Amino acid sequence: MKNKYEALLVLNTRGNEDGANKIIERLEIEFKKEGAEIEQVQRLERRHFSYVAGPLDSGYFVNFVFGGEPQIIDKIKTKFKLDADIYRAHYQKIPARRRGTAKAAAKTAAKTAKAAAKAA
């Protein structure tokens with residue numbers, strides 16, 4: 001049984017000449033290598049954190065909506081935890097009642113990004 005997931009990633013683009021687009025393209029390939037079926041990639045923009053809790057004061061937010069088997073989320077979390085380009089990450093399962101509505105996914109991504117910016 002396949003589930004839908006959402007991954008909100010805050011990218012560390014400081015000192016990276018490639019920029020956010022190259023990192024996002026690489027991450028898409030990594031998702032596919034793990035067996036994820038990417039439905040949507042939302043490039044949200046660079047935002048300053050309202051609370052600085054680490055070495056960065058801003059990050060580039062990107063939201064991936066993807067599908068896959070239940071064990072895929074653990075594989076992706078483990079793989080991306082070691083990735084130096086990912087500063088923060090939040091993963092969640094999309095409930096069945098919201099599946100298929102891109103508008104709902106975009107709305108949730110915006111809320112999650114706002115909450116993550118406040119928390120970071």
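**A walk around strand β1**

By buried I mean under 20% relative accessible area, with exposed being over 50% and partly exposed in between, using a 1.4 Å probe and protein chains only. Strands here are DSSP runs of E with at least two residues, helices are runs of H or I with at least four, and both are numbered from the N terminus.

A quick word on the model: it is predicted, so local features need pLDDT of at least 70 and side-chain atom pairs count only at pLDDT 80 or more, while totals for chains, interfaces and linings use all residues. Residues are numbered from 1 along each chain as its sequence is written, and side-chain values use heavy atoms, with hydrogens and water left out.

Now the overall layout. The protein chain has three helices and four strands, and along the sequence they come in the pattern β-α-β-β-α-β-α. Of its 120 residues, 42% are buried.

The strands form an open sheet in the order β2-β3-β1-β4, paired antiparallel. Pairing asks for at least two bridges found by DSSP between two strands. At the edges are β2 (37-48) and β4 (86-93), each pairing on one side only. On average, neighbouring strands are turned by 15 degrees against each other, direction ignored.

Back to β1, then. Which strands does β1 pair with? On one side, nine bridges join β1 (residues 3-11) to β3 (residues 58-68); L8 has N63 as its bridge partner there, and L11 has Y60. With β4, β1 pairs over seven bridges, again antiparallel, and Y5 is partnered with K93.

Where do L9 and L11 end up? Both are among the residues with the most contacts inside the largest nonpolar core, which has 20 residues. Such a core is a set of buried Ala, Val, Leu, Ile, Met, Phe, Trp, Tyr and Cys residues joined through side-chain atoms within 4.5 Å. β1, α1 (19-33), β3, α2 and β4 each supply at least two of its residues, and the largest share, five residues, comes from α1. Apart from it lies another core of nine residues, among them F49, L56, F61 and Y87.

L9 itself, leaving aside neighbours within four places in sequence, is in contact (heavy atoms within 4.5 Å) with residues including L27, F31, F64 and Y91.

Finally, the helices. How do α1 and α2 pack against each other? Their angle is about 140 degrees, with axes 10 Å apart. That makes α1 oblique to α2. For reference, angles under 35 degrees are roughly parallel, over 145 roughly antiparallel, 65 to 115 roughly perpendicular, and the rest oblique. Axes are lines fitted to C-alpha atoms, for helices over the stretch in contact, and angles run from 0 to 180 degrees between N-to-C directions.

Where the two helices meet, L27, E30 and F31 in α1 face I76, K79 and F80 in α2. And is E30 buried or exposed? At 14% relative accessibility, E30 counts as buried. Beyond its neighbours within four places in sequence, E30 is in contact with K79 and F80.
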